[in-house]
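Here's a quick briefing to read with the structure open beside you.

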Amino acid sequence: MRLILLSLISIHCLFGQQFQAPPPEQDTEGLPLAQTLGPMIFEDPDPARLLAAAEIFMDDNRPHQAKILYEAVLTLEPKNQAALAGINKVDERLKYLENRYQEFKARYEAGGPVQNLCSMAAIKFHQGYPEEALEITKNAAKVFPGDQVPVAAQMTFQQGVDLDNFNLDRLEKAMELAAVNGKPDEVATLFGRMLYIGLGKSRTFEALKNVQAVIEKPINEKTIQLLGRLQAFHQNQGAN
Amino acid sequence: MLVFLLCFAFQDPKFLQFKETRIDLGTIPIDRKAEGAFFYESLSDLPLDVYFMLSTCQCSLLESGQLYAERGGMTTLPPKDKGYMAFEMEPPPPGPFEHYLEIFIKSQGWEQKVRLNIVGTVISPIHIEPTRLHIDLAQEPLQLPQIKIYPEAGTPLQEVSVEMDPQWLTFDAAALGSYQVALNEAIYTNGGETLKGDIHVKYRLKGKMIEVPLPYEIAVPNPCPVNPPSALFGRVSQPIERIQKVELETGSLTVTGVAWAPEYLQVKFGKIDETRTVVYLHLKQKPPSVLAMGQGFNGNILLETNQPQRPIRIPFAGKIVAWDE
């Protein structure tokens with residue numbers, strides 16, 4: 001196991017952060033969300049689409065993003081039962097994750113192995129807090145010097161962050177190309193995919209704002225305002 | 001191998017030997033032709049054809065007093081000849097110089113090339129301040145310098161003029177030998193560029209017109225900040241790498257059109273908000289200058305603005321690594 005980890009680190013050091021775009025038929029990350037939300041960027045906000053998008057985030061274990069979208073539905077239809085139910089579901093999920101986190105923390109504080117810290121980091125990472133996840137693994141490497149598990153976990157999280165940035169970069173370029181070539185529907189899809197991969201980072205909205213300047217079809221400001229709430233999640237984390 | 005070595009053994013191209021191939025003329029006055037001579041000796045039993053091939057100065061070459069017709073001219077030296085090749089040189093601009101003449105010697109299929117170096121320092125009876133003109137038009141407040149010409153004692157300043165071509169600057173004579181630099185508004189058509197060249201300071205000395213170059217460098221800013229200052233495509237292999245974005249902090253300036261862009265580049269621009277404009281540069285075709293993969297391309301695009309004669313220049317560059325239509 002140790003040997004495999006060391007090999008992985010060596011490969012990582014040798015090849016650095018070399019990512020490659022997947023072949024077009026496999027380049028589908030975030031496509032369901034894009035197909036759900038994308039068309040809406042040229043139309044008024046649609047509660048049904050917002051609900052469907054919230055479900056996608058929920059199914060992907062991204063309760064924070066799901067909650068923001070459920071709340072967006074409630075601003076349009078304050079009594080929307082599906083949104084209210086969704087929020088309850090999200091809160092339960094968040095409560096569960098928080099409990100799990102506290103469990104691992106208690107085990108670690110009771111002298112448990114490094115895996116507890118890595119599990120805490122994994123919970124943070126999958127909820128969209130990569131900085132916190134990295135901090136926990138960095139700390140774990142200090143507390144358990146010589147142990148390769150936190151080092152490998154840290155590498156995995158870092159690679160996850162870098163891969164997301166790589167994908168966001170190439171999707172942004174593709175979106176610019178689509179805008180310049182006068183393909184607004186493609187712009188919408190690529191925006192949706194960026195929204196999914198970046199979990200609503202502000203750079204996604206900046207990219208849309210830029211291409212908006214050169215596309216003929218007007219973007220619906222109300223929709224963008226509602227979706228823009230996703231940025232608040234990152235602003236709170238200081239990771240845009 | 002033996003044949004190869006024998007070739008070298010018999011190949012002694014030095015059949016014209018010079019006493020020295022470098023002459024230091026020391027200091028020479030700007031108003032007089034400089035002269036000197038390179039002494040030679042022919043080691044050959046055969047006549048030698050000597051061609052005056054090139055020179056980096058305005059020089060005439062004479063062989064034992066006989067003028068070569070012109071650069072490219074030829075003379076034939078008799079076997080075992082001894083003599084000198086004299087030269088006359090129009091003085092270059094003031095300051096140290098290093099020039100050379102190149103001659104080519106042929107005899108019965110053998111060839112020899114000799115470079116004759118001439119060094120020295122030309123002195124002028126006038127001094128110009130500044131010695132180089134640096135102007136950054138982005139500086140606020142903009143202060144344009146004066147050009148001052150100081151003659152040495154006893155040298156009268158006659159028929160002095162300060163000129164430049166193209167006329168980006170004008171020079172108003174404030175007093176004899178003192179010129180205030182002023183801008184020609186047309187200079188702003190070069191926004192985003194640094195203009196370089198020589199201003200020509202001319203004066204008459206002992207009946208002869210002397211021209212002294214004054215180097216200039218003028219940084220002409222774009223009318224608004226361009227971020228990044230150039231569109232760098234980097235290595236282009238995928239279609240998504242064929243697009244680059246540049247943001248302009250246009251403020252109250254409005255981009256009204258594309259004044260110039262190469263045919264292979266599609267340019268689209270639009271206002272992001274009240275103060276910013278985005279410009280996309282899209283390589284819609286492979287640049288014609290790229291004949292093979294791995295070759296670079298570069299150029300500028302020029303955007304028109306609502307301010308007359310204040311276009312925005314955006315340089316671009318990249319390298320085509322792969323191109324699938």
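B:Pro166 sits in the loop of chain B that runs between β14 (158-163) and β15 (169-175). The peptide bond joining B:Asp165 to B:Pro166 is cis, with omega at about 0°. Keep in mind that this is a predicted model, so every value below is computed from predicted coordinates.

- Look for B:Pro228 in the loop between β19 (226-227) and β20 (231-236) of chain B.
- B:Lys80 isn't a glycine, yet its phi is positive, near 55°. You'll find B:Lys80 in the loop between β7 (74-77) and β8 (82-89) of chain B.
- Is B:Lys80 buried or exposed? B:Lys80 counts as exposed, because it has 11 C-beta neighbours inside 10 Å and the cut-off for exposed is 12 or fewer.
- B:Gln108 is another non-glycine residue with a positive phi, near 50°, and its place is the loop between β9 (95-107) and β10 (110-123) of chain B.
- With 10 other C-beta atoms within 10 Å, B:Gln108 is exposed too.

**A five-stranded sheet in chain B**

- Five strands of chain B make up an open sheet with mixed pairing, in the order β2-β10-β9-β4-β7.
- Which strands are at the edges? They are β2 (22-29) and β7 of chain B, each of which pairs on one side only.
- On average, neighbouring strands in this sheet are turned by 25° against each other, if you ignore direction.
- The pairing between β4 (residues 48-55) of chain B and β7(B) is antiparallel and runs over four bridges. As one example, B:Val50 has B:Thr75 in β7(B) as its bridge partner.

**Domains of chain B**

- Chain B splits into domain 1 (11-123), domain 2 (126-220) and domain 3 (226-320).
- For domain 2 of chain B and domain 3 of chain B, the C-alpha centres are 34 Å apart.
- Seven residues from domain 2 of chain B and six residues from domain 3 of chain B take part in the contact.
- The side of domain 2 of chain B that touches domain 3 of chain B is made up of two nonpolar, three polar and two charged residues.

**Where chain B meets chain A**

- On the chain B side, 13 residues are in contact with 10 residues of chain A.
- β21 (243-248), β23 (265-271) and β24 (277-283) of chain B each put at least two residues into the side of chain B that touches chain A.
- β23(B) gives the most to that side, with five residues.
- By class, the side of chain B that touches chain A has seven nonpolar, three polar and three charged residues.

**Helix α3 of chain A**

- The buried residues of α3(A) are A:Leu50, A:Leu51, A:Ala53, A:Ala54, A:Ile56 and A:Phe57.
- As a reminder, an α-helix has 3.6 residues a turn, so residues three or four places apart point the same way.
- The cover over the buried residues of α3(A) includes α2 (31-37), α4 (63-76) and α5 (81-109) of chain A.
- Just after α3(A), A:Asn61 has a positive phi of about 65°.

Definitions and conventions. Residues are numbered from 1 along each chain as its sequence is written. Chains are lettered from A and ligands numbered from 1 in the order in which they are written. This is a predicted model: local features need pLDDT of at least 70, side-chain atom pairs count only at pLDDT 80 or more; totals for chains, interfaces and linings use all residues. Domain bounds come from an automatic or database domain assignment. Two residues are in contact if their C-beta atoms, placed from the backbone, lie within 7 Å. Ala, Val, Leu, Ile, Met, Phe, Trp, Tyr, Cys and Pro count as nonpolar, Asp, Glu, Lys and Arg as charged, and the others, Gly among them, as polar. A residue is buried if 20 or more other C-beta atoms lie within 10 Å of its own, exposed if 12 or fewer, and partly exposed in between; C-beta atoms are placed from the backbone. Two strands pair if DSSP finds at least two bridges between them. Axes are lines fitted to C-alpha atoms, for helices over the stretch in contact, and angles run from 0 to 180 degrees between N-to-C directions.
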